[in-house]
Amino acid sequence: MMDALSVVTQLRDLASEPQNREAIVQDQGCLPGLVLFLDHKDPKVLFATLQTLRYLAESPRNINTMKNELGMMVSLETLIERTGMTTDITDLAKEVYGVLSPQTQRPACQTPEQQKRKNKPQFFINSSNKKAKSVTLHIQGLDGADQRGVCEEALLRVKGVISFTFQMALKRCTVRIRADLPTESLATAIAATKVLSAKQVLKNENGEEVLIPLNTSGSKVEENSHLPDYLPEDESPEKELDRAVSRTGAKQDTGGSWLNTAASFLTKTFYW
């Protein structure tokens, strides 16, 4: 079972690798979760959160997104002024705040060593891989955390599901699946919950979003023998620095989906 400290510690380790930083910031769940952790009572969680933010702020492209994240600057200010904090926490909070503040932003220049690090082998998933596809579903009945949990369990049981993220306000779920997995299999698995149903979100010729009903009567769902059964790293896709990031050195690890799991843990704390 994941707890706050283990999540933020592993996220910090991911952020320590320059090639992971932009993907973490672009993920829907990670930044809001880190902001939430800035109000945590455990000093270890606070310090690891600040270390993570400091790593992420090393990428110039992340600065605007981070400083404009709802609650980020206010939470840092509050933490700086909070009494009873150790010097390490206060000083690091001031440093992160200073890096994100407009007046102290530094030009994006690179030393030879930084350029060398940039040219290190990338741990992002190969974007040329065509073995997977993304499907966006509108899920009727996705009204809260309980229903989200039911949907997660249903999707995790479908063999061929790689990862998924939720947009609770829109009642949507974007699912990454094997290219040979019929979309109807997802709808069938969701319908089997008896409390949820799914339609596919597509764009018509005018660029307008439409909801397409999916046949669930004749679709056979092949279930995983264990959970979760994500694709190994070399079979997972990436699209525009996607959310699937692997832990450093985890070449034979199925940890390519770890960031999605962490984001899910983080977002569950503020999706009520």
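Helices (H or I, at least four residues) and strands (E, at least two) are taken here as DSSP runs, numbered from the N terminus. On this basis the protein has 11 helices and five strands. The model is predicted: local features need pLDDT of at least 70, side-chain atom pairs count only at pLDDT 80 or more, and totals for chains, interfaces and linings use all residues. Residues are numbered from 1 along each chain as its sequence is written, and side-chain values use heavy atoms, with hydrogens and water left out.

**Overall composition**

- Of the 272 residues in the protein, 44% are buried, where buried means under 20% relative accessible area with a 1.4 Å probe, counting protein chains only.
- Contact denotes heavy atoms within 4.5 Å; among contacts between residues at least 6 apart in sequence, 72% join residues at least 24 apart.
- The protein exposes about 14,600 Å², of which carbon and sulfur atoms supply 50%; the areas come from the Shrake-Rupley method with a 1.4 Å probe.

**The sheet**

- Five strands form an open sheet in the order β2-β3-β1-β4-β5, with antiparallel pairing; two strands pair if DSSP finds at least two bridges between them.
- Strands β2 (161-167) and β5 stand at the edges with a single partner strand each, so one side of each has no neighbour in the sheet.
- Neighbouring strands are turned by 35 degrees against each other on average, direction ignored; axes are lines fitted to C-alpha atoms, for helices over the stretch in contact, and angles run from 0 to 180 degrees between N-to-C directions.
- Six of the seven residues of β2 are buried, so this strand is largely enclosed by the rest of the structure.
- Strands β2 and β3 run antiparallel and are joined by six bridges, and serine 163 has arginine 176 in β3 as its bridge partner.
- The hairpin of β2 and β3 has four residues between the strands, and lysine 171 in the turn has a positive phi of about 60 degrees.
- Strand β4 (residues 197-203) pairs with β5 (residues 209-213) in the antiparallel sense over five bridges, with valine 201 opposite leucine 211 in β5.
- Five residues lie between the strands in the β4 and β5 hairpin, where glycine 207 takes a positive phi near 80 degrees.

**Helices on the sheet**

- Strand β1 (residues 132-140) pairs with β4 in the antiparallel sense over four bridges.
- Helix α9 (residues 145-156) packs on the sheet and touches β1, β2 and β3 (172-178), its direction making about 165 degrees with that of β2.
- Helix α10 (residues 183-191) lies across β1, β2, β3 and β4, running at about 35 degrees to β1.

**Nonpolar cores**

- A nonpolar core is a set of buried Ala, Val, Leu, Ile, Met, Phe, Trp, Tyr and Cys residues joined through side-chain atoms within 4.5 Å.
- The largest has 32 residues, of which Leu50, Leu53, Met66, Met72, Leu76 and Leu100 touch the most other members.
- Elements giving two or more residues to this core are α1 (4-15), α2 (21-26), α3 (30-37), α4 (43-56), α5 (63-68), α6 (72-81) and α7 (87-100).
- A second, separate core of 22 residues includes Val135, Leu137, Ala198 and Leu214.

**Helix α4**

- The buried residues of α4 include Val45, Leu46, Leu50 and Leu53, and their cover includes α1, α2, α3, α5, α6 and α7.
- Threonine 52 lies in helix α4 and counts as buried because its relative accessibility is 0%.
- Leaving aside neighbours within four places in sequence, threonine 52 is in contact with Val8, Leu11, Arg12, Ala15 and Leu34.

Terms used: Buried means under 20% relative accessible area, exposed over 50%, partly exposed in between (1.4 Å probe, protein chains only).
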